[in-house]
Structure formats: structure tokens, C-alpha cells
Amino acid sequence: MAKQKILFECENCGYISPKWMGSCPSCSEWNTFAETVEKKKESKKHKVDISKTEQRDIVRLSDVRTAALERKSSNLQEFDRVLGGGFIEGSFLLLGGDPGIGKSTLMIQVAERCPNMKIFYVAGEESASQIKQRALRIGLKGDNLHIGSVTEVRSVIESARRLKPDLLIIDSIQTMYSDDLSSLPGSVQQVRECSAMLQQIAKKEDLTTIMIGHVTKEGDIAGPRILEHMVDTVLQFEGDKNHFYRLLRCVKNRFGPAQEVGVFEMKGNGLQEVLNPSQLFLSDSGHRVSGNAITCVMEGSRPILAEVQALVSPSNYGTPQRTASGFDQRRLSLLIAVLEKRAGLQFTGQDVYLNIAGGLKISDPAADLAIVAALASSLQDRETPADTLYVGEVGLGGEIRKVAFPEQRVREAEKMGLDNVVMPKTEPMASIKRIKLKNAARISDLFR
Ligand SMILES: Nc1ncnc2c1ncn2[C@@H]1O[C@H](COP(=O)(O)OP(=O)(O)OP(=O)(O)O)[C@@H](O)[C@H]1O
Ligand SMILES: [Mg+2]
């Protein structure tokens with residue numbers, strides 16, 4: 001038997017090298033080379049099978065006949081919102097997320113909500129009885145759900161051809177393998193090969209396919225980058241271990257807007273849709289203390305109210321602490337410096353802790369003004385005015401800048417019963433009726 005040659009493959013871009021290298025010459029990433037063996041058969045067979053493809057003529061775009069994009073609703077409003085209105089027939093989707101976040105649960109819930117859809121669920125990670133237990137918890141009878149335990153990709157395709165489902169779910173692509181390759185399931189080669197084959201069947205036979213994908217420690221989808229290029233839609237399921245809410249974010253969408261966000265809450269009987277997320281992130285204790293301020297961040301096209309909590313207290317150590325949870329720590333230091341220089345507040349010798357209530361992670365610069373207000377409020381131990389929204393980006397000169405979607409943000413605050421908004425001057429907002437706008441051009445205006 002011929003000896004197999006050991007090669008090294010970049011896990012990021014798939015570059016093959018005969019020796020290990022620290023940095024990949026193709027994608028310049030560091031420490032990405034992993035050992036792999038030369039493919040078993042040097043034949044065409046391991047490549048994506050094009051032998052049976054029919055000759056297609058070149059056509060003029062104007063001659064291409066299309067049906068109107070028809071969307072099938074998943075009957076889960078939050079999931080449909082992220083997809084851009086529902087499933088498109090023949091679309092190829094990738095759903096990534098941390099271990100245990102609820103990817104399989106979400107898929108089972110789609111099956112529960114769509115009793116008229118024939119669903120083929122390829123379970124590579126769990127046994128049929130585990131899936132049954134989850135289905136019972138969620139209340140799915142399961143007449144429409146067919147579970148397959150094979151993970152060899154050709155067998156999966158064969159079974160799908162026989163069953164002719166409306167939706168194929170692969171849980172997960174990292175457990176699929178092709179017999180034509182000798183590498184282990186989950187390796188870059190296997191993931192690439194299996195997803196290419198699944199993509200072919202999705203497109204040729206108009207079979208809507210959702211692949212579940214693992215993520216790396218950094219939160220990116222594991223496997224080759226090409227995986228994200230291959231699919232039509234990439235969805236990321238995010239959340240916090242200590243909180244029950246889950247955000248389903250659309251990172252890429254060929255059939256609708258990207259960055260759309262769906263909000264769910266993990267409960268005993270599965271994921272519950274959260275149609276009014278602002279309520280989830282605002283505390284309802286009614287007990288007011290200094291250091292709290294409310295802001296409105298945009299998640300996709302969706303305004304969400306969030307509560308910023310700051311605590312400034314004298315430091316016991318030589319170097320004061322600056323700790324932020326749910327917000328960028330360097331941005332916090334920057335805003336403290338702006339407050340010191342432009343508003344004359346002194347944070348020397350003070351520890352500063354910042355927290356976004358409910359475990360929300362904020363990266364929208366519109367939250368700057370609320371953070372500045374919360375910091376000042378805690379330092380001076382004076383409550384911020386009640387029921388007030390703070391929206392604005394803070395510049396290094398202490399100026400408050402306009403932000404995108406001001407009207408949607410103010411409307412959300414009005415809907416949630418707030419009375420005042422502090423923000424830079426904007427164009428008149430026709431849809432705002434009750435809430436009072438207070439213009440602020442510089443952070444020193446907050447202390448007027
Ligand atoms: N009885 C229960 N009550 C409440 N929540 C539960 C219960 N059982 C499971 N869960 C929740 O469901 C989560 C597991 O969901 P699920 O198996 O769908 O995740 P996953 O993303 O598919 O994970 P994996 O990456 O392991 O496949 C658990 O982390 C837990 O939060
Ligand atoms: Mg799972």
C-alpha cells in the first residue's frame with residue numbers, strides 16, 4: 001500500500017503546504033496550519049461531481065424566466081423577520097452559534113410551527129431519542145419531521161432525493177463526511193466538500209437547506225471561510241450564558257436585508273419570541289438611583305431601548321479600575337477623558353464600573369450620550385431626570401453628534417412611555433406626538 005503523505009492545510013483559507021508554517025502565505029493568518037493527509041484517491045471522484053451536469057446554454061438575461069420570489073413563512077415571526085420574510089425555495093442557509101445556545105431547538109420549533117412542511121432532519125450530533133425528548137418538551141407531535149442518522153453526505157443526498165422534503169436540516173455540517181476523502185469529519189476539506197455537494201442539490205432540486213455550523217472560540221463560524229461565501233444566508237445565534245435572551249442575527253442575506261435581528265427568550269418549553277425587546281432590557285423595579293440612563297440602540301432596522309448603569313466610587317488601589325460589561329472598555333476610557341477635559345469632571349482616584357442591563361452588548365455610538373450622562377450622574381450622586389432617553393455620539397471635542405435613524409429611536413421611546421429625549425438638534429419629526437425633545441450640542445449642556 002502506498003504510504004500516505006502528510007501535508008499541512010491552512011484552516012482559514014485551505015492553502016496546502018508540504019511543511020508546517022507559522023504564517024500562511026495565502027491569507028497571512030498566524031498559527032492556522034493543521035496536519036492533514038493527502039487525499040485517498042487522486043481521481044476526479046473527490047472533487048465536486050460535475051460529470052453528470054448537463055450542458056447549459058448561455059442565455060441572455062432578458063430571456064431568463066423567473067417566478068416571483070415566493071417566501072414560505074416559518075410561522076415564527078422573529079425567524080421570518082431575520083430571513084427577510086420567510087424561506088425562499090432552494091435557498092441555502094447556514095446557522096452558526098455557541099454550543100448549547102439553542103440552534104437545534106430553533107430548528108425543531110420551525111418543524112413544530114410548520115406542520116404542512118415535510119422536514120428531513122439529519123442528526124449527526126444526537127440520537128433520534130434525544131431529538132424526540134426535545135420535541136416533546138416543545139410540544140411537537142412530529143408527523144412532518146423525518147430524522148436521518150446517516151452522516152455520509154452521498155447517503156444523505158440519496159435519502160433526500162427519495163423523501164423529497166420541503167426543508168432539509170443538517171445538524172451539523174461538522175459531523176458530515178464524504179467517503180471520498182480520508183480526513184476526519186469537521187476538517188476543512190470535509191466541510192468544504194460536503195457543503196459543496198449539499199449546495200448542488202439545493203440549487204438543482206430547489207431544496208431549501210439549513211446547515212447548522214459550529215463556531216470557533218472567537219465566535220466565527222468554524223471551517224473554511226468559503227463556507228460563508230457558498231451559502232445564500234448566514235445567521236448567527238448569539239446570547240449570554242447568564243441570561244435567557246437570544247439574538248438571531250442575519251450576517252449575510254442574498255434575498256433580503258442583512259443585519260436584521262430576531263429576539264428570543266429560552267424557556268423550559270423552548271424559545272419564546274420576544275416581540276417587544278425594549279421591555280426585556282429595561283428594568284421595571286421603579287427604584288431610581290444615580291448612575292442610570294436610558295438609551296436606544298439600533299439592531300438592524302430595529303430600535304431597542306437599553307439601560308446603562310454606571311458606578312463611580314473612590315478607589316482603594318493606586319491605579320483606579322475601569323471595567324465595562326456589554327460595552328467596549330477603551331471607548332469607556334475615551335468618554336471618561338472627554339468628560340474630564342470638556343466638562344471639568346474629575347475621575348482621578350475613582351473606580352469606574354459600567355454595565356449594560358440585561359446582558360445586552362452595545363456597539364452603537366448613539367449610546368455614548370447615555371454613558372456620559374450615567375457616569376456624570378454616578379460621580380455627582382445625582383439621579384438623571386426620570387423617563388429620559390439619551391441619544392447621541394460624543395466626539396473628542398465634547399460635541400454631541402447626530403446619529404442614524406433618530407425618528408425610529410424617539411418613536412420607540414414614546415411607545416415605551418418615556419417623556420423626554422436629550423439629543424442633538426435634528427429635522428422635525430412628523431410622527432412624534434407626545435415626547436419632549438431637548439436639544440444638546442455639547443456635553444456641558446447636560447449639566448445646565
Ligand atoms: N428542560 C429545559 N428547560 C429549560 N431550558 C432547557 C431545557 N433543556 C434544554 N434547555 C436549554 O436548551 C439549550 C440547549 O439547546 P440546543 O440543544 O438546541 O442547543 P444547540 O445550540 O443545538 O447546542 P449544540 O451546539 O450542543 O448542538 C440548553 O443550553 C438550555 O439552555
Ligand atoms: Mg444542537
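Predicted model: local features only at pLDDT ≥ 70, side-chain atom pairs only at ≥ 80, totals over all residues.
Residues are numbered from 1 along each chain as its sequence is written, and chains are lettered from A and ligands numbered from 1 in the order in which they are written.

Helices (H or I, at least four residues) and strands (E, at least two) are DSSP runs, numbered from the N terminus. Two strands pair if DSSP finds at least two bridges between them.

Next, show β8 (residues 145-148), which runs parallel to β7 and is joined to it by 4 bridges. Trace the chain from β7 through helix α3 (residues 128-138) to β8: this β-α-β crossover is right-handed, that is, clockwise from the first strand over the helix to the second, with the strands pointing away from the viewer.

Now colour β7 (residues 119-123) by burial (buried: 20 or more other C-beta atoms, placed from the backbone, within 10 Å of a residue's own). Ile119, Tyr121 and Ala123 on one side, and Phe120 and Val122 on the other, are all buried. Since 5 of the 5 residues are buried, β7 is largely enclosed by the rest of the structure.

Finally, move to helix α10 (residues 406-415), where Pro406, Arg409, Val410, Glu412 and Ala413 are buried. Just after α10, select Gly417, which takes a positive phi of about 85 degrees.

Definitions and conventions:
Buried ≥ 20, exposed ≤ 12 C-beta atoms within 10 Å, placed from the backbone.
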